[in-house]
Amino acid sequence: MTVQPILSKEEKVTGVEPQNVVSLAGKAFSASREAALIAESTKLLGVNLDDSHNPRGLVNNPIQDKRTVRSTRLLERKTKRRRLPKSNLEVQENNHPGRSEGQRKIGEGFDPNDPLRLFLGEPETRKLLTAKEESELIVKIQELMRLEEVKGQLQTQFSREPTLSEWADAVGLSCQTLQSHLQCGKRSREKLIYANFRMVVHIAKQYQGRGLSLQDLLQEGSMGLMRTVEKFKPQAGCRFATYAYWWIRQAIRKAIFQHSRTIRLPENVYGLLSKVKEAKTLCIQRGNHHPVKEEIAATAGITVEKLDKLLFTARMPLSMQQPIWMDQDTTFQEITADARVEVPDVSVAKQLMRQHVRNLLSVLSPKERKIIRLRFGIENDKQKSLSEIGTIFGLSKERVRQLESRALYKLKQCLDSQGLEAYADMII
């Protein structure tokens with residue numbers, strides 16, 4: 001578009017007829033509107049009107065070549081990401097769809113309640129200590145234990161908790177130095193414990209399936225590891241892990257002995273059970289997938305009778321409230337007979353027997369009837385000896401025996417007369 005130069009007021013318009021002045025003014029007004037619109041649009045696009053007469057102006061301008069349009073959406077996303085908490089699992093974005101899919105599957109399979117992830121979640125558990133670092137930590141821990149021992153002596157001496165100044169005076173340090181030593185010792189103890197948590201996991205996995213869950217085994221193993229920190233001495237001549245292995249395993253075994261069963265078994269029984277389990281596994285490895293008791297006992301080096309007794313002792317008790325079937329709510333308590341309640345036919349038989357015995361004893365004299373009742377526990381379900389009965393009646397032991405024999409003879413004669421010879425033969 002060419003812009004016509006504006007005429008000054010002093011110049012006169014020549015060669016224009018008066019009747020065409022109005023139409024020319026309208027055309028000039030419309031042209032100026034179009035020029036204003038074009039100028040505004042080119043300004044929004046970043047085009048310089050001064051170079052519009054040059055067709056190469058947009059190409060030859062180096063400043064316009066470097067001008068770029070930046071979006072603010074990326075900055076907004078970064079700002080929101082800073083405000084949000086970091087996720088536990090970071091997935092990196094890349095141009096490989098297969099790799100991102102695998103990482104997505106790993107993220108979906110993450111279990112926040114996994115005991116191993118919770119136990120080994122701290123970064124200190126992933127770093128192993130060198131011998132030099134371990135010895136430095138142990139020296140600081142020994143210093144902490146010495147300070148705690150002095151505190152215990154002061155507590156016994158004063159019968160109260162000593163103040164920080166009294167504690168510092170007892171060890172010959174300032175309060176600030178004492179606090180620094182305590183904090184350094186506690187951090188060293190925590191670092192040494194965290195660095196050996198993986199050994200606790202390794203030992204706890206060996207005792208799975210023996211009555212305690214993995215969480216309980218890890219807890220007991222950690223207590224054994226803490227006990228090792230207190231017992232270990234640098235003069236032992238070995239690494240800390242070598243010394244701690246026995247204490248961790250001992251703590252786990254002790255917990256299994258005490259808490260794995262409702263009825264606690266002796267330690268030697270657990271040893272025999274482990275031997276039987278190993279013998280059964282050995283028989284299966286040899287090819288016999290269903291070994292009999294004789295083969296297991298021979299492999300374990302025990303007799304069949306001892307194996308039966310061991311298996312009978314190691315039975316696991318069941319709860320009476322446990323459902324019998326998975327799809328029903330029937331419990332063992334509902335189908336188990338109560339031993340304190342007699343079966344109706346047995347109760348009736350006992351009542352008839354008591355009535356029959358009372359009828360039989362009616363043929364005896366009062367003294368003989370009393371002796372029989374006391375002798376066989378008919379009155380209070382407690383049998384008395386001949387000496388006790390003689391003391392009651394003021395008779396000798398031999399005389400009571402004679403009265404008992406005569407009473408039994410009368411009962412036998414009575415049963416014979418009633419045609420109950422089978423019962424009469426049972427009476428001695």
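Colleague: How does Cys184 count, at 22% relative accessibility?
Modeller: Cys184 counts as partly exposed because its relative accessibility is 22%. The classes are buried for under 20% relative accessible area, exposed for over 50% and partly exposed in between, with a 1.4 Å probe and protein chains only. Please note that this is a predicted model, in which local features need pLDDT of at least 70 and side-chain atom pairs count only at pLDDT 80 or more, while totals for chains, interfaces and linings use all residues. Residues are numbered from 1 along each chain as its sequence is written, and side-chain values use heavy atoms, with hydrogens and water left out.

Colleague: And Cys283, buried or exposed?
Modeller: Cys283 has a relative accessible area of 0%, so it is buried.

Colleague: How many disulfides turn up in the whole structure?
Modeller: The search finds 0 disulfides, a disulfide being a pair of cysteine sulfur atoms within 2.5 Å.

Colleague: Switching to helices: what span should α11 have?
Modeller: Helix α11 covers residues 214-231, and its 18 residues should span 26 Å at 1.5 Å a residue. The expected span is 1.5 Å times one less than the number of residues. The end C-alpha atoms of α11 are 25 Å apart, which agrees. Helices are DSSP runs of H or I with at least four residues, numbered from the N terminus.

Colleague: Which residues of α11 are buried?
Modeller: Leu214, Leu217, Leu218, Gly221, Ser222, Gly224, Leu225, Thr228 and Val229 are buried in α11. They lie on the same side of α11, because they cover an arc of only 165° around the axis. That arc is taken from the directions from the helix axis to the C-beta atoms.

Colleague: Why would residues three or four places apart point the same way?
Modeller: An α-helix has 3.6 residues a turn, so residues at that spacing point the same way.

Colleague: At what angle does α9 pack with α11?
Modeller: Helix α9 (residues 175-195) and α11 pack at about 130°, and their axes are 10 Å apart. That makes α9 oblique to α11. Under 35 degrees counts as roughly parallel, over 145 as roughly antiparallel, 65 to 115 as roughly perpendicular and the rest as oblique. The crossing of α9 and α11 is right-handed, that is, the near helix is turned clockwise from the far one by less than a right angle.

Colleague: What about α17 and α20, at what angle do they cross?
Modeller: The axes of α17 (residues 344-361) and α20 (residues 397-417) cross at roughly 110° and come within 10 Å. These two helices are therefore roughly perpendicular to each other. Their crossing is right-handed.

Colleague: Now the loops: where is Ser159?
Modeller: Ser159 is in the loop between α7 (131-158) and α8 (164-171). Ser159 has a positive phi of about 60°, although it is not a glycine. With 66% relative accessibility, Ser159 counts as exposed.

Notes
Axes are lines fitted to C-alpha atoms, for helices over the stretch in contact, and angles run from 0 to 180 degrees between N-to-C directions.
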